[in-house]
Amino acid sequence: MTSSSALVDVQGLVKHFPGERAFFGLGRPRAVVRAVDDVSFAITSGQTLGLVGESGCGKSTVGRTILRLIEPDAGRVLMDGLNLLTLGGRELRALRRRMQIVFQDPYGSLNPRLTVRQTLAEPLAIHHLATGADAGRRIAALLEEVGLDPGFARSYAHELSGGQRQRVGIARALSVEPQFLVLDEPVSALDVSVQAQVLNLLADLQQRRRLTYLFIAHDLAVVKYIADDVAVMYLGKIVERAPAPRLYAAPRHPYTTSLLSAVPVPDPTAQRPRIVLTGDVPSPAHPPAGCPFHPRCPHPKKDARCHTEPPALREVAPGQLAACHYAEEPL
Amino acid sequence: MTEPLLRVRDLKTYFVTEHGSGTARAVDGVSFDLYPGETLGLVGESGCGKTVTSLSVLRLIPEPPGHIRPGSFIEFAGRNLLTLAPRELRAIRGNQIAMIFQEPMTSLNPVFTVGDQIAEAAIVHQRLSRRAARARAIEMLKLVGIPDPAQRVDHYPHQMSGGMRQRVMIAMALVCHPKVLIADEPTTALDVTIQAQILELLERLQAELGMAVMLITHDLGVVAGSADRVVVMYAGQVVEQAPTPDLFARPLHPYTVGLLASVPRLDAPSRARARLHGIPGQVPAASDWPGGCRFHPRCPYAWDRCREEEPPLLDASTGEPGSHTVRCWLLTEPQRRTGRPGS
């Protein structure tokens, strides 16, 4: 993955949330939450990077800081060589049209007072793309493209099922003809039969429109179906990054291995080694010293070095990066 | 086979819909057995009636708008739970049949310590003294794998993580050593590494305490790993039930087949942008189930008979008669399955 072919290149992204003062703002300030701590990756044009991790690992914050829905503290986000984080005004708006987001919750992300038509007309008007009858035609075409009858244009969000709402959310993102989509858990609120429909739709759209995706998810099985490359996050850091077939077949970080082994497989005859991690994910306000994973790490070689020296994310096999002192001896 | 512990027959739980205009037949003629010591998986998507079924067993359906229809029958230890007096029911609920819910954040009371909440059932049902109940609560916290149980017993739910709270919920449910545990999506709100911990815990406790578990879930992976038998629900009915190995090796209802094909699988060969075979359309509304077979509008094999006549549960067992049943006319005309779907 060379950065020359990359549409989106994220370098050293940092977002620390200041600790709020306890007791209605009168107490002592709490520790800083390192939600995103030096995250770098590039996504090749037309490809999908899957960003996976458990609750609180910072994956959604990465998606939002890239689009500057949350302002990052440091780092660069290059799109076609332009640094999104230093742009302002008209330039930023022009770049933003090329990058859109689809949210997890199709119930919370659509305005209940707007019809589908109004929801889709808004971005068209903001970016001066179409109005009036022209907008109407484009909206009908968009709805058809996401597999909805154009008659849905007159519906309100509450009249739609979860899967239909998520299709409207995708149509809204597509309305401004973006090149890059951040998909933040786009199918995790959906039932499994509907989830399959929406995943297939996303794959079709990507091919037809040559879209580039950042697919944020907690479900490694879902990511396996859609991603070309996968990055695994733990406590604000990427701990492993590799082409998808490599990551699933030969993970090098013990967290990736454990995560994969914990995913239930719908096959009662499956004989898989199961690693059950002990304990909970530590608070990102108080990450452990050394390797952030060391308190839960099942690796037999774990030693004093893991407690004190944070492992760097380094190439451990061609195209595969892992942040583990013992990545050469995977679990 | 031994006698079932819990026998559900023709359970119908209906709700008056929001505008009072119709009836939602959320659970519409469900029958199944739960045997001592087994884990029965109750599987289906949103709105299939799996949660309403489990709430009906404990008579936790709010009335109105809901009601369990006359003719429904839920037998536990030789008695019909649906006709018990409230006092008799209370002696069973939380004592011999206990339940854990999906959402450990909202199912615990924020103003009581976890110790008080675990002890409550022991005080009510087993007439333990406060001191003995507290000792029991500490013992239960230890049993469910919470470190420092003697300190944790005085903590409030907000001081605990999601996984810890689910352990507390399990401790609460098991404090009276119930014969039946109903677990409604016990791991759905949890991260996958924590889910693995909780499933392992439930497995261990079931073996230690010898209880039967009714596991309600939408996750076929969880069922494959935990259940002995599976009941698949669709549109308020049981559409297929079978021993777990049989169901996964030989799914027969087109809905079961479609559901299995919809699941992204970690054990599938790695192919980016491989297509999943979803089920077209969506689950119909409970106030308006389709006539004939309720799955026919989404079924690739449906023919005239499916549109006109509702299929009964037909026996498809290869082993013990009645062990694998399927609500589908294809069983009477298996040659239709080999034809091209939809033609």
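Pro65(B) sits in the loop between H1 and E4 of chain B, in a predicted model where local features need pLDDT of at least 70, side-chain atom pairs count only at pLDDT 80 or more, and totals for chains, interfaces and linings use all residues. Residues are numbered from 1 along each chain as its sequence is written, while chains are lettered from A and ligands numbered from 1 in the order in which they are written. Helices (H or I, at least four residues) and strands (E, at least two) are DSSP runs, numbered from the N terminus. The loop in question runs between helix H1 (50–57) and strand E4 (66–68), and Pro64(B) is also found there. The peptide bond from Pro64(B) to Pro65(B) is cis, with omega near 10°. Another cis peptide bond links Glu63(B) to Pro64(B), this one with omega of about -20°.

As background, most peptide bonds are trans, and most residues other than glycine have a negative phi. Chain A has something to show on the phi side. His128(A), not a glycine, has a positive phi near 50°. This residue belongs to the loop between helix H4 (116–126) and helix H5 (132–145) of chain A. Burial is judged by counting other C-beta atoms, placed from the backbone, within 10 Å of a residue's own: 20 or more is buried, 12 or fewer is exposed, and anything in between is partly exposed. His128(A) has 8 C-beta neighbours inside 10 Å, so it counts as exposed. Glu185(A) also has a positive phi, about 50°, without being a glycine. Its place is the loop between strand E7 (180–184) and helix H7 (192–209) of chain A. Glu185(A) counts as partly exposed because it has 19 C-beta neighbours inside 10 Å.

Chain A contains 11 helices and 12 strands. For 331 residues, a compact globule would come out near 20 Å, and the 21 Å of chain A agrees with that. The C-alpha trace of chain A spans about 70 × 55 × 45 Å along its principal axes, and 46% of the 331 residues count as buried. Two residues are in contact if their C-beta atoms, placed from the backbone, lie within 7 Å. Of the contacts in chain A between residues at least 6 apart in sequence, 64% join residues at least 24 apart.

Chain B has 12 helices and 13 strands. Its radius of gyration is 21 Å, close to the 20 Å given by the globule rule for 343 residues, so chain B is as compact as a globular protein of that length. Along its principal axes, the C-alpha trace of chain B spans about 70 × 50 × 45 Å. Buried residues make up 49% of the 343 in chain B. Among its contacts with a separation of 6 or more, 64% come from residues 24 or more positions apart.

Two packed helices are described by the angle between their axes and the distance between the axes. Axes here are lines fitted to C-alpha atoms, for helices over the stretch in contact, and angles run from 0 to 180 degrees between N-to-C directions. Helix H6 (residues 162–174) of chain B packs against H7(B) at about 20°, with the axes 10 Å apart. That makes H6(B) roughly parallel to H7(B), given that angles under 35 degrees count as roughly parallel, over 145 as roughly antiparallel, 65 to 115 as roughly perpendicular and the rest as oblique. Residues making this contact include Ile170(B) and Leu174(B) of H6(B) and Leu201(B) and Leu205(B) of H7(B). By class, the contact has 7 nonpolar, 4 polar and 1 charged residues. Ala, Val, Leu, Ile, Met, Phe, Trp, Tyr, Cys and Pro count as nonpolar, Asp, Glu, Lys and Arg as charged, and the others, Gly among them, as polar.

H7(B) turns up again where the chains meet. The contact between them takes 41 residues from chain B and 43 residues from chain A. On the side of chain B that touches chain A, H7(B) gives the most, with 7 residues. That side of chain B divides into 17 nonpolar, 16 polar and 8 charged residues.

Note on methods. The radius of gyration is taken over C-alpha atoms; the globule rule is 2.2 Å times the number of residues to the power 0.38.
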